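Opened the notebook to look up a few strands and a loop. Notes follow as I went along.

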Amino acid sequence: MTVHSYADRIFRRLQGLFQIGQISTPPDDTGIVQTGQVTVNGTAVRDSVPIVQDYGFSAVLPVGTKVVVLNVSGDASNGVVIRSIHQQSRPKGLKGGQVCLFDAAGDQILLTNGSGITVTSQSGQPITLNGKTVINGPLEVSDDATIGGISFINHLHGGVQSGSSTTQKPQS
């Protein structure tokens, strides 16, 4: 083997370390590692490519998501998705230092870099908190609240008498 052919092989491997691709079908999230079908170079289809995600975050990438594939040792048959962006659903107009967790429907948790945290449900579906919830500080509600099936604004009190007596529990 000549030095020239050895250098050519190394160069080809280096060229093949990274590829840009696109998720072609919904990923499989049933196994220990999520896998997906990735189309690279517009035509080459690679099945069951592992999708690496950061600890504490998990997402099933929508079809059409752009991805960066790292091919271990430049071997295209041994690739793994290391980065992704779904350009259609990426929030735009963020300000310096802001961080946004988002999904394809437009639901968001926005860390506003010192101006609070904004949780938005674009789909109109409720925001659900499971488990004991503790609020330290004032709570402002701009509309009615239902507590134990009783409207906070429109509830009634029984047993009202003038003077120093107190009311009974709210009634629905």
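This is a predicted model: local features need pLDDT of at least 70, side-chain atom pairs count only at pLDDT 80 or more; totals for chains, interfaces and linings use all residues.

How many bridges join β4 to strand β5? I counted six, with β4 and β5 (residues 79–85) running antiparallel.

**Entry: β4 and its partners.** I looked for a specific pair in β5 and found Arg-83 as the bridge partner of Val-68. Then I turned to strand β1 (residues 18–23), which pairs with β4 in the antiparallel sense over five bridges. There I noted Phe-18 standing opposite Leu-70 of β4.

**Entry: faces of β4.** I went along residues 66–71 to see where the side chains point, and they alternate. Val-67, Val-69 and Asn-71 point to one face and are buried.

**Entry: Thr-112.** Next I checked the loop between β7 (108–111) and β8 (117–120), where Thr-112 lies. Is Thr-112 buried or exposed? I put it down as buried, because its relative accessibility is 11% and the cut-off is under 20%.

I then checked what its side chain reaches. The backbone oxygen of Gly-116 is 2.4 Å from the side chain of Thr-112. A polar atom of that side chain also lies 3.1 Å from the backbone nitrogen of Ser-115. Setting aside neighbours within four places in sequence, I listed Gln-98, Ile-117 and Thr-118 as contacts of Thr-112.

How values were computed. Residues are numbered from 1 along each chain as its sequence is written. Side-chain values use heavy atoms; hydrogens and water are left out. Helices (H or I, at least four residues) and strands (E, at least two) are DSSP runs, numbered from the N terminus. Buried means under 20% relative accessible area, exposed over 50%, partly exposed in between (1.4 Å probe, protein chains only). A polar contact is a pair of N or O atoms within 3.5 Å; within protein, one must be able to donate a hydrogen and the other to accept it, and residues adjacent in sequence count only if both atoms are side-chain atoms. Contact means heavy atoms within 4.5 Å. Two strands pair if DSSP finds at least two bridges between them.
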